[in-house]
Amino acid sequence: MMEDSSNGTPMRLEGHLVPARTPLLNKISELQTEIGQLQEAVVSHTVVDQAIGVVITLGGLRPEQGFQLLREVSQHTNTKLRQVSELIVEWVHSEQLPDEIRTSVDKALATARSI
């Protein structure tokens, strides 16, 4: 046992330290998870923004139309928005885009241009 410095009463180290540390360790773990999610979100937003730039340049669209186009392609191809964005950004360099994505992009561009 150890003496509590605030009031001089005895206290058990193992009885007070472990429970006091557990919430702190849980909070640290939660914050580490949140940091990881935020880092992932920053990367995801960056690639989506880049893909918006590609499609608005390609199609002569407004930025909000570019995001809508990406969302439509994502939904029509059952592909995550981030993955569609990555494919479109890579397409600029590789000139290769999966047929399903390319077809969906072409249809969405035609629709967006007609509005």
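Where is the place of S104? Select S104: its place is in helix α4. The model is predicted, with local features needing pLDDT of at least 70 and side-chain atom pairs counted only at pLDDT 80 or more, while totals for chains, interfaces and linings use all residues. Residues are numbered from 1 along each chain as its sequence is written, and side-chain values use heavy atoms, with hydrogens and water left out.

**Whole chain**

Colour by secondary structure. The chain has 4 helices and 2 strands, in the order β-β-α-α-α-α from the N terminus. Helices (H or I, at least four residues) and strands (E, at least two) are DSSP runs, numbered from the N terminus. Of the 115 residues, 25% are buried; buried means under 20% relative accessible area, exposed over 50%, and partly exposed in between (1.4 Å probe, protein chains only). Contact means heavy atoms within 4.5 Å. Among contacts between residues at least 6 apart in sequence, 46% join residues at least 24 apart.

**Helix α4**

Now show the side chains of I101, S104, V105, A108, L109 and A112, the buried residues of α4. Seen down the helix axis, they fall within an arc of 135° (taken over the directions from the axis to the C-beta atoms), so they line one face of α4. An α-helix has 3.6 residues a turn, so residues three or four places apart point the same way. Turn to the other side of α4 to find D99, K107 and S114 exposed.

Return to S104. With a relative accessible area of 10%, S104 is buried. Leaving aside residues up to four places away in sequence, S104 touches E72, V73, H76 and T77.

The buried residues in α2 are Q65, G66, L69, L70, V73, S74 and T77. Just after α2, N78 has a positive phi of about 55°.

Axes are lines fitted to C-alpha atoms, for helices over the stretch in contact, and angles run from 0 to 180 degrees between N-to-C directions. From α2, the contact is made by Q65, L69, E72, V73, H76 and T77; from α4, by E100, I101, S104, V105, A108, L109 and A112.

**Helix α3**

Select residues 81-94, helix α3. The axes of α2 and α3 come within 9 Å and cross at roughly 110°, which makes α2 roughly perpendicular to α3. Here F67, L70, R71, V73, S74 and T77 in α2 meet L81, V84, S85 and I88 in α3.

Finish on V89, also in α3. Is V89 buried or exposed? At 18% relative accessibility, V89 counts as buried. Not counting residues up to four places away in sequence, V89 touches V47, Q50 and A51. The C-alpha atoms of V89 and D49, 40 residues apart along the chain, are separated by 9.7 Å.

Technical notes
Parallel < 35°, antiparallel > 145°, perpendicular 65-115°, else oblique.
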